[in-house]
Amino acid sequence: MVQCAIVYVLSHYNYHDAHQRNYFICGGQIMTIIAISGTHCAYKTTFAHWLCLGLRTMGKNATVISEVARECPLPIHEGQTLEATEWIISRQIQLELEAEKNGYDYIICDRGVLDPLVYYMNSCIKKDKDPEIEYHMWLSLALMHMTNHYNHIIEIVLNEDKEQEKLTDDGFR
């Protein structure tokens, strides 16, 4: 049993506005979109799949959009560029829009559009350089997308009081 994570619900946007927007987009079907955020190895993917399974058990039509950074053909993590960040955000939004068209009750995003910008800023700090000017445009876009698109944003942080399980090297992190 995983006991190494603490879950915080960061935001719940106005229920009426969010569902009215989704009602319009989805042709009459109310949909909830949940973004999960957090650092490496905080059990975001595990939580996303547990949540999806729980919703399906309750008879809801739910899906998980997996983390898209793994698909990125450009450098990520410490070497992440703005170009890679743009690729990740664009792909994330594309997958979210595709899932919306499929009429799910719940779409669970294993990372949202803000995470790649945080990784890009971290990469800039580690390189002791300022972010490219376009960073601010992408940050504005991400914040607008989050405000207008996600019904819930969940941050999962490591519980420092618990001993962390050993990470299996998957060749990505």
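**Entry 1: the cavity lining.** I began with the largest cavity and asked which element gives the most to its lining; helix H4 does, with 3 residues. I take a cavity to be a set of points on a 1 Å grid over the protein atoms alone where a 1.4 Å probe fits but cannot get out, and lining residues have an atom within 4 Å of a point. Helices and strands are DSSP runs numbered from the N terminus (helices H or I, at least four residues; strands E, at least two). This is a predicted model, in which local features need pLDDT of at least 70 and side-chain atom pairs count only at pLDDT 80 or more, while totals for chains, interfaces and linings use all residues. Residues are numbered from 1 along each chain as its sequence is written, and side-chain values use heavy atoms, with hydrogens and water left out.

Helix H3 (82–101) and helix H4 (115–126) each supply at least two residues of this lining. I found 1 cavity of 30 Å³ or more. The largest cavity has a volume of about 150 Å³, a volume being the space filled by probe spheres set on the points, with grid points joined across faces, edges and corners. Of the 15 residues that line the largest cavity, Glu 67, Ala 69, Ile 88, Arg 111 and Tyr 119 are the closest to its centre. I sorted the lining by class and got 7 nonpolar, 5 polar and 3 charged residues. For this, Ala, Val, Leu, Ile, Met, Phe, Trp, Tyr, Cys and Pro count as nonpolar, Asp, Glu, Lys and Arg as charged, and the others, Gly among them, as polar.

**Entry 2: the chain as a whole.** I stepped back and noted 5 helices and 5 strands. From the N terminus on, the elements run β-α-β-α-β-α-β-α-α-β. Of the 173 residues, 41% count as buried (under 20% relative accessible area; exposed is over 50%, partly exposed in between; 1.4 Å probe, protein chains only).

**Entry 3: the core.** Which residues have the most contacts inside the largest nonpolar core? I noted Ile 107, Cys 109, Val 113 and Tyr 150, in a core of 28 residues. Such a core is a set of buried Ala, Val, Leu, Ile, Met, Phe, Trp, Tyr and Cys residues joined through side-chain atoms within 4.5 Å. Strand S2 (32–38), H3, strand S4 (106–110), H4 and H5 each supply at least two residues of this core, and H3 gives the most, with 7 residues.

**Entry 4: a ring pair.** I found 1 aromatic pair. Tyr 120 and Tyr 135 form this tilted pair, 5.8 Å centre to centre with 35° between the planes. Rings of Phe, Tyr and Trp (its six-membered ring) pair if their centres lie within 6.5 Å; planes under 30 degrees apart are stacked, over 60 edge-to-face, and the rest tilted. Tyr 120 lies in helix H4 and Tyr 135 in helix H5 (residues 134–149), so the pair ties together parts that are 15 residues apart in sequence. Tyr 120 is buried at 1% relative accessible area, and Tyr 135 is buried at 8%.

**Entry 5: cysteines.** I counted 0 disulfides, a disulfide being a pair of cysteine sulfur atoms within 2.5 Å. Cys 72 is buried at 11% relative accessibility, and Cys 124 is buried at 1%.

**Entry 6: two backbone angles.** Arg 111 has a positive phi of about 95°, lies in the loop between S4 and H4, and is buried at 6%.

Methods:
1 Å grid on protein atoms, 1.4 Å probe; cavity = no way out; pocket = protein on both sides within 12 Å on 5 of 7 lines; lining within 4 Å.
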